[in-house]
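Here is a short briefing for a reader meeting this structure for the first time. Please look over the sequence and the model before reading on.

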Amino acid sequence: MKKIVITIFLGFSLGILLIKSQAFSWYRIQEMFHFKSFHMYGLLFSAILTAAVSLVLIKKFNIKSMNGNEIRVKPKKIDWRSNIIGGLVFGLGWSISGACTAPVYILSGMFGVVGFILLFGAILGTLLYAFYHQKKLNS
């Protein structure tokens, strides 16, 4: 029960942070793609910096997961073809919809049908990736 409460609290906190920072705003995303504003770049770079500092602290202080397990980040094999294709598909979806992963949930809650269409597309894309990845592993 404690994990569920913490997860819900963190989810709501992230949602509030994304709403207040206007990360779901189509206009902010359009400004970024047209290089008219630093707002979204600053938001993305601060997220990268936060993740990097968090990983350093996790390794340095040997922080455990909520289950008490050691947190390990496994190096990922670089597959340029998959990265380029995946990046293009993600970027295309992002530029068309004006939303990346987390803001899709915000859009679903704030704008109903449009958000749920985007959410459906995100879930479909995840399932297609899982199917492709499983097929790739089996071959």
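The points below cover a helix pair, a loop serine and an aromatic pair.

This is a predicted model. Helix α2 spans residues 26-33 and α3 spans 39-60, with a loop between them that holds Ser-37. Helix α4 covers residues 80-97 and packs with α2.

**Helices α2 and α4**
- The axes of α2 and α4 lie 9 Å apart, at an angle of about 125°.
- The two helices are therefore oblique to each other, because an angle over 145 would be needed to count as roughly antiparallel and 65 to 115 to count as roughly perpendicular.
- From α2, the contact draws on Trp-26, Ile-29, Met-32 and Phe-33.
- From α4, Trp-94, Ser-95, Ile-96 and Ser-97 take part.
- By class, six residues in this contact are nonpolar, two are polar and none is charged.

**Ser-37 in the loop**
- Ser-37 sits between α2 and α3.
- Its side chain comes to 3.2 Å from the backbone nitrogen of His-39.
- Neighbours within four places in sequence aside, Ser-37 is in contact with Arg-28, Glu-31 and Met-32.
- Met-32 also belongs to the α2 side of the contact with α4.

**The aromatic pair**
- The count of aromatic pairs is one.
- Phe-35 and Tyr-41 form this pair, with 6.2 Å from centre to centre.
- Their planes are 5° apart, so the pair counts as stacked, the cut-off being under 30 degrees.
- Phe-35 is exposed, at 68% relative accessible area.
- Tyr-41 is partly exposed, at 23%.

Definitions and conventions:
Residues are numbered from 1 along each chain as its sequence is written. This is a predicted model: local features need pLDDT of at least 70, side-chain atom pairs count only at pLDDT 80 or more; totals for chains, interfaces and linings use all residues. Side-chain values use heavy atoms; hydrogens and water are left out. Helices (H or I, at least four residues) and strands (E, at least two) are DSSP runs, numbered from the N terminus. A polar contact is a pair of N or O atoms within 3.5 Å; within protein, one must be able to donate a hydrogen and the other to accept it, and residues adjacent in sequence count only if both atoms are side-chain atoms. Contact means heavy atoms within 4.5 Å. Rings of Phe, Tyr and Trp (its six-membered ring) pair if their centres lie within 6.5 Å; planes under 30 degrees apart count as stacked, over 60 as edge-to-face and the rest as tilted. Buried means under 20% relative accessible area, exposed over 50%, partly exposed in between (1.4 Å probe, protein chains only). Axes are lines fitted to C-alpha atoms, for helices over the stretch in contact, and angles run from 0 to 180 degrees between N-to-C directions. Angles under 35 degrees count as roughly parallel, over 145 as roughly antiparallel, 65 to 115 as roughly perpendicular and the rest as oblique. Ala, Val, Leu, Ile, Met, Phe, Trp, Tyr, Cys and Pro count as nonpolar, Asp, Glu, Lys and Arg as charged, and the others, Gly among them, as polar.
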